[in-house]
Every structure is written in C-alpha cells, then in structure tokens.
Amino acid sequence: MTTTFDRVAGIIAEWSDVERDEIREESHLVEDLKLDSVDLFDVVFALEREFDIELPIEDFGEQREGQEAIQAPELLMNAFCARIDRLVAQKAEA
C-alpha cells in the first residue's frame, strides 16, 4: 500500500524539478526542495485532485511569530502529509 508520503513525494517530483529520491520526511518544501510559489500551487492543486480534498493554501503563508511566512512549519513534508491525512479523515467522517 502506498503511503501518503509516497503519493505526495511522487506528485512533487512530477510537478517540479525535484527528483523523487531527494524528498525526505524532514524536507521543507521551500527551504530544502526549493519549490517556488508557482511550483507550490501546482503541487497543491495536483494533491487536491489526488486526495479529493481542499488544501487551504492561504494558511501556508500566514505569518508566525518570529518566522517568515514561507518558513511555516506546515511546509515540512511530515507535517504537510499529516495535514492531508487529517483532511482525508475529516472528509470520510462527513
């Protein structure tokens, strides 16, 4: 069975210049994988289709105290995948 991480990593590799083997659970989508805003939007839209969910991308750019918006912890792969899992579970419960 394919994990959420594997599915997300595959989509990132498909929609960006990042090689699949460069993506780790601790990778930050912007800082480590160097996704720019266009890449990030493409990936999010592809993930929404793949998982049949809505990812509120506007939340990813929120300012956090002491952090720049783009450094949001939600953009770490493990947190990003966990968020997708929560959204999928919430949809299944509805």
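**Close-up 1. Packing of helix α1 against helix α2 in the predicted model.** Helix α1 spans residues 4-15 and helix α2 residues 37-51; their axes lie 9 Å apart and meet at an angle of about 135 degrees. The two helices are therefore oblique to each other, and their crossing is right-handed. On the α1 side, the contact is formed by Thr-4, Arg-7, Val-8, Ile-11, Ile-12 and Trp-15. Helix α2 contributes Asp-39, Asp-42, Val-43, Ala-46, Leu-47, Arg-49, Glu-50 and Phe-51. By class, the contact residues comprise eight nonpolar, one polar and five charged.

**Close-up 2. Salt bridge between Glu-50 and Arg-7.** The side chains of this pair meet at 3.0 Å, N to O.

**Close-up 3. Salt bridge between Arg-20 and Asp-6.** The N to O distance is 3.0 Å. Because Arg-20 sits in the loop between α1 and α2 and Asp-6 in helix α1, the pair joins parts 14 residues apart in sequence. Arg-20 has a relative accessible area of 31% and is partly exposed, and Asp-6, at 33%, is partly exposed as well.

**Close-up 4. Salt bridge between Asp-52 and Lys-91.** The side chains meet at 2.7 Å, N to O. Asp-52 lies in the loop between α2 and α3 (77-93), while Lys-91 is in helix α3, 39 residues apart. Lys-91 is partly exposed, with a relative accessible area of 41%. The structure holds three salt bridges.

Notes
Residues numbered from 1 in each chain as written. Predicted model: local features only at pLDDT ≥ 70, side-chain atom pairs only at ≥ 80, totals over all residues. Heavy atoms only, no water. Axes fitted to C-alpha atoms, helices over the stretch in contact; angles between N-to-C directions. Helix = DSSP H or I, 4+ residues; strand = E, 2+ residues; numbered from the N terminus. Parallel < 35°, antiparallel > 145°, perpendicular 65-115°, else oblique. Left-handed = near helix turned anticlockwise from the far one by under 90°. Contact = heavy atoms within 4.5 Å. Nonpolar A, V, L, I, M, F, W, Y, C, P; charged D, E, K, R; others polar. Salt bridge = Lys/Arg side-chain N within 4 Å of Asp/Glu carboxyl O. Buried < 20%, exposed > 50% of the residue type's maximum accessible area, 1.4 Å probe, protein only.
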